[in-house]
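Welcome! Have a look at the structure first, then try each task before reading on.

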Amino acid sequence: MSLNSVVIAGAGHAGVQVALSLRQDGFAGRISLVNDEPWLPYQRPPLSKAYLLGKIDATAMQFRPAEFYAEQRIDLVADRGAAIDRQNRRLLLASGAALDYDHLVLATGAHNRPLNVPGAALAGVYGVKTRADAEALAPLLAAARRVVVIGAGFIGLEFAAVAAAAGAAVEVLELGERPMARAVSPQMSELFRAAHASWGVNFRFRTAVSALEGDNGKAVAVLAADGARLAADLVVYGIGVIPNVALALEAGLSIDNGIRVDANLLTSDPHISALGDVASFPCLQNGERLTRLESVQNAVDQGRLIAARLTGKPAPYTALPWFWTDQGNLKLQIAGLSSGADNHVVLGDPAAQQVSVLCFRGEQLLAVESCGRVGDHMAARKILARPPALTPAVAAAPGFDLKAWEAANR
């Protein structure tokens with residue numbers, strides 16, 4: 001069957017990339033990009049950093065100006081997908097309208113895991129996921145003197161660094177034993193813990209939140225399970241996200257920690273693809289186990305792959321995962337997936353905040369975390385994109401240089 005119309009539900013990095021790549025790959029049919037936010041599609045990473053600080057404006061966050069979508073004949077549909085009529089291949093919209101499709105792409109992303117404690121609905125309590133969140137937060141941050149952050153993952157720590165830079169006293173509560181524990185090695189956690197402490201951030205690890213205390217409808221304190229009461233002008237939480245699978249689930253598509261897709265990013269319906277934060281795919285770097293990744297790289301690379309398949313160039317998804325987070329004056333870059341690592345080799349100088357941590361499982365290199373060593377990160381992406389031959393013994397040798405090793409072992 002010829003492909004004449006593609007409907008894309010979701011206008012974040014994943015959905016926009018599918019639309020852009022379809023046109024770049026020569027698709028001449030109708031493209032409908034369903035956007036459920038009141039603004040032109042925009043990048044989310046700056047929300048918790050540069051946008052909050054006023055370093056970039058809303059226009060700078062846009063993927064493209066309005067004229068671009070018109071020129072490329074990408075129909076921006078200001079609406080939300082409400083149901084999928086798979087039999088008739090129609091996406092029903094919240095407004096009551098409907099879009100017919102030959103192929104449907106689900107790029108519905110994820111939403112913040114809610115803070116399920118008494119008082120969570122009080123004013124002055126925020127997650128950071130959308131432009132609306134950031135715009136509500138910015139004036140409050142400027143006035144806040146005491147900020148409590150719940151969760152020491154990427155988003156929580158990015159915001160903690162921003163709040164500390166704005167002059168607030170910052171407390172970070174974290175259930176785990178160290179910062180970013182699910183994402184990075186103990187050595188990198190310690191580097192960032194020390195950096196945040198030097199910026200005035202105080203950590204409380206192994207600490208749960210029992211309730212938020214309010215006054216006249218506004219949060220004024222966070223009550224910890226250990227009995228501590230932390231006064232707060234502003235409370236921000238970042239405790240993970242939940243994939244937006246409702247549309248797919250109600251349509252009867254296979255779900256497994258996200259919308260389940262095959263190596264070509266096809267769902268259990270051959271006329272529907274899914275990608276980005278919402279998709280659970282067989283990840284080559286994770287032993288082909290179903291994996292859901294929350295990263296710009298994953299969204300963009302998967303968007304390109306779906307567009308290529310729809311224009312006659314199918315290929316399985318094998319891209320190397322990589323991630324980054326900017327906190328204060330530090331940039332952490334991660335290549336690969338470190339889950340299951342049992343051995344770490346540290347390169348560089350932690351005191352100078354210029355470190356790479358090589359994460360091994362047995363003799364196999366799984367991932368490389370780099371702070372202040374961009375060259376190592378780029379070398380690591382090349383090394384991990386092919387069968388990695390680097391061993392812990394070689395990496396731990398005096399004078400080992402990751403960039404030089406990569407160049408000599410291509």
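**Exercise 1.** Which residues are linked with Arg 386 in a network of salt bridges?

*Solution.* Start with the ground rules: this is a predicted model, in which local features need pLDDT of at least 70, side-chain atom pairs count only at pLDDT 80 or more, and totals for chains, interfaces and linings use all residues. Residues are numbered from 1 along each chain as its sequence is written, and side-chain values use heavy atoms, with hydrogens and water left out. Next, recall the term: a salt bridge is a side-chain nitrogen of Lys or Arg within 4 Å of a carboxyl oxygen of Asp or Glu. Now the answer: Glu 406 and Arg 410 join Arg 386 in the network. The structure holds 16 salt bridges.

**Exercise 2.** Describe how strands E4 and E5 pair, and find the bridge partner of Ala 83.

*Solution.* Helices (H or I, at least four residues) and strands (E, at least two) are DSSP runs, numbered from the N terminus. Two strands pair if DSSP finds at least two bridges between them. Here, E4 covers residues 81-85 and E5 covers residues 90-93, and they pair in the antiparallel sense over four bridges. Ala 83 has Leu 92 in E5 as its bridge partner. Finally, look at the turn: the hairpin has four residues between the strands, and Arg 89 takes a positive phi near 50° there.

**Exercise 3.** Find the salt-bridge partner of Arg 86 and work out what the pair ties together.

*Solution.* The partner is Asp 269, at 2.9 Å from N to O. Arg 86 sits in the loop between E4 and E5, while Asp 269 sits in the loop between strand E18 (259-260) and strand E19 (272-274), so the contact ties together parts that are 183 residues apart in sequence. Then check accessibility (buried means under 20% relative accessible area, exposed over 50%, partly exposed in between, with a 1.4 Å probe and protein chains only). Asp 269 is buried at 6%, and Arg 86 is partly exposed at 30%.

**Exercise 4.** Where do Glu 135 and Arg 131 lie, and how many residues apart are they?

*Solution.* Both belong to helix H4 (residues 131-143), four residues apart, about one turn of the helix. Glu 135 is partly exposed at 34%, whereas Arg 131 counts as buried at 13%.

**Exercise 5.** Is Arg 292 buried or exposed?

*Solution.* Arg 292 has 15% relative accessibility and counts as buried. Its side chain meets that of Glu 294 in a salt bridge (3.1 Å, N to O). Glu 294, at 41%, counts as partly exposed.
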